[in-house]
Amino acid sequence: MVTPRTLAEKVWERHVVHRADGEPDLLYVDLHLVHEVTSPQAFEGLRLAGRSVRRPDLSVATMDHNVPTAAGPVDPVSRTQMEALERNCSAAGIRLFPTGDVGQGIVHVIGPQMGLTQPGLVIVCGDSHTSTHGAFGALAFGIGTSEVEHVLATQTLPQRTPRTMAVTVGGELPLGVSAKDVILGIIAKIGTDGAVGHVIEYRGTAIGSLSMEGRMTICNMSIEAGARAGMVAPDETTFAYLEGRPNAPTGSDWDDALEDWRSLPTDDGASFDREVTIDAASLRPHVSWGTNPGQTVTIDDVVPDPDDEAAERALAYMDLRPGTAIRDIRPDTVFIGSCTNSRIEDLREAARILDGRRVRRGLRAMVVPGSMLVKRQAEREGLDEVFVAAGFEWRDAGCSMCLGMNPDQLTPGERCASTSNRNFEGRQGKGGRTHLVSPAVAAATAVAGHFATPEDLER
Amino acid sequence: MKPFTRHTGRAIPLDRSDVDTDQIVPAEHLRRIERSGFGPFLFAEWRKDPDFVLNRPEFAGATILVAGPNFGSGSSREHAVWALEDAGFHVVIAPSFADIFRNNCFKVGLLPVELPQESVRALMDAVLDDPGTEITVDLDALRVSATVVHESFEIDPYTRWRLLEGLDDVDLTLRRAAAIDAYERARPARLPSVPRP
């Protein structure tokens, strides 16, 4: 009898190129996503060592981190980095979606959009939010620049076997609770280092009922709990999303792929190194109050009393007093975007709430679609008109204010309700104060002028 | 990569948990395409505070950073390791590290050493008490020694060997070229690929 195995173990095993006692496994990489910020030194390293890119056909590149999302000049430093990517991709024969191309977008949005992200693959990228692709049942993880160079040169990576962790969200999500609230709730429960060394598999009826967009939002933030990767078992929702996409298999290949993908989910009786269970019914919309994603409460809560020095520092940085109701906190800015929440479903949800409403006077609000194709789709649906009529800026695709590498930044002291993934000090601009929320809460907050749910607007 | 065998130096206590890589090197400094010269950007925002521990003259010239748990969390930017290295650090000691940061350290040759919380605390106190305190980190013997702390640490034997020898991972992997060729021959043709431009 075959030993029952987890999804992660199955994907791992089929990628082992070389295994020896006392050595890390050498894993094959099916897809390498490349962007302008973490790759130039890797290409330079290859050149210095006289090596070439082994599989340009298993690599794809885009510009996302530092690209401008509005008309205007590009600063020369960013331009140099973008030009370096162009030169490197051109020399290596790697397909690049540069700024201005309709295929351009955030690297973790375009992979799934192109149908390149598929179940059972090993996917890497020099970006910690590569875990996003795990939503398809791929093993996807972020790597550093030395590892980017290693993958370019060999299409493999030496990796230590991770531990496995099941996070089961059972039951049904209450109305108004989104995928973002699920993952913020999980991180608040297990902590920012709660999953270090582990690959998380998200399971349970509440996860199975989510769209691919929702699953991507959850897997995206696995790294915020310290996990090496996050995964969801592929199912009919996954297959329906993939069928007909540009790089998805067709004809008999599709049938073969389906048969294979159906064999991937965790076997009955397989054991995880750690298990965490969450009751979906207990979840509420979440808002972060501190300077790491674990410092998060529900929107019905108050800013907590600090229980350690880190919390005290966070409160001082965020200029918040314990006991303040979350709903009484008034952001200056609302940002809808990032690889966490910039897909078409996120924009639809925000637009649904903003339809016929106005952003509170004095508040700055912007939407940055995850890709130019998401932008085009939203415009076909008329969502751009809803956003603009409500008082939002409607931008081009990029990482934008999630990490403040382009001109989209907070000013010192500016407070932001953001659908992004990190509320670190200065993450969205020096001295900026970030509160992580879902697209629905971001939209309702923009209208109310303080943290609010869509239901609050009806009252 | 230069081999790492043993390092003795003075230390800086950074008594904070969850120090993320956005603090180690803020994103605005990631637009450079060079691999060197990131030292001036190390903790760029925190260093604007004149009382920040890295600005204190008694700790100038330290080569070991002693920090709180979950050091290096967040972004995968290897620039964080390059900045520490460029600023003269050889070792970071903490109760725990984020996975990608630790991996990046091993690629660059900066040694991340995990010690129990109490030992890290004791090291910080010793260094605060006497900034001249020297700490020795011996990778061969897997020991950290200072006046107050003598503690073993763990590191997987393969990585230890690679660091002691100063071996480049790509070179090691290229020794497996035949296995990679064989693996590629057996990959199903239906797996996705991206046509060359």
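Does B:Asp18 count as buried or exposed, and how many C-beta neighbours lie inside 10 Å? In this predicted model, in which local features need pLDDT of at least 70, side-chain atom pairs count only at pLDDT 80 or more, and totals for chains, interfaces and linings use all residues, B:Asp18 counts as buried, with 27 C-beta neighbours inside 10 Å. Residues are numbered from 1 along each chain as its sequence is written, while chains are lettered from A and ligands numbered from 1 in the order in which they are written. A residue is termed buried if 20 or more other C-beta atoms, placed from the backbone, lie within 10 Å of its own, exposed if 12 or fewer do, and partly exposed in between.

B:Asp18 is located in the loop between E1 and helix H1 (21–24) of chain B, where helices (H or I, at least four residues) and strands (E, at least two) are DSSP runs numbered from the N terminus. Its phi is near 50°, a positive value in a residue other than glycine. In chain A, A:Ser400, likewise not a glycine, has a positive phi of about 55°; this serine occupies the loop between strands E17 (393–394) and E18 (415–418) and is buried, with 33 other C-beta atoms within 10 Å.

Helix H4 of chain B (residues 117–129) comprises 13 residues and spans 18 Å from its first C-alpha to its last, close to the 18 Å expected at 1.5 Å a residue, the expected span being 1.5 Å times one less than the number of residues. Its buried residues are B:Ser119, B:Val120, B:Leu123 and B:Val127. Seen down the axis of H4(B), these fall within an arc of 100°, and they therefore line one face of the helix, the arc being that of the directions from the helix axis to the C-beta atoms. On the other side of H4(B), B:Gln117, B:Glu118 and B:Asp129 are exposed. The cover over the buried residues includes strands E1 (6–14), E2 (64–67), E3 (91–94), E5 (134–138) and E7 (150–152) of chain B, contact requiring C-beta atoms, placed from the backbone, to lie within 7 Å.

Between the two chains, the contact takes 68 residues from chain A and 49 residues from chain B. Elements that each supply at least two residues of the side of chain A touching chain B include helix H3 (76–92), helix H5 (145–154) and helix H10 (251–261) of chain A, and the largest share of that side, seven residues, comes from H5(A).
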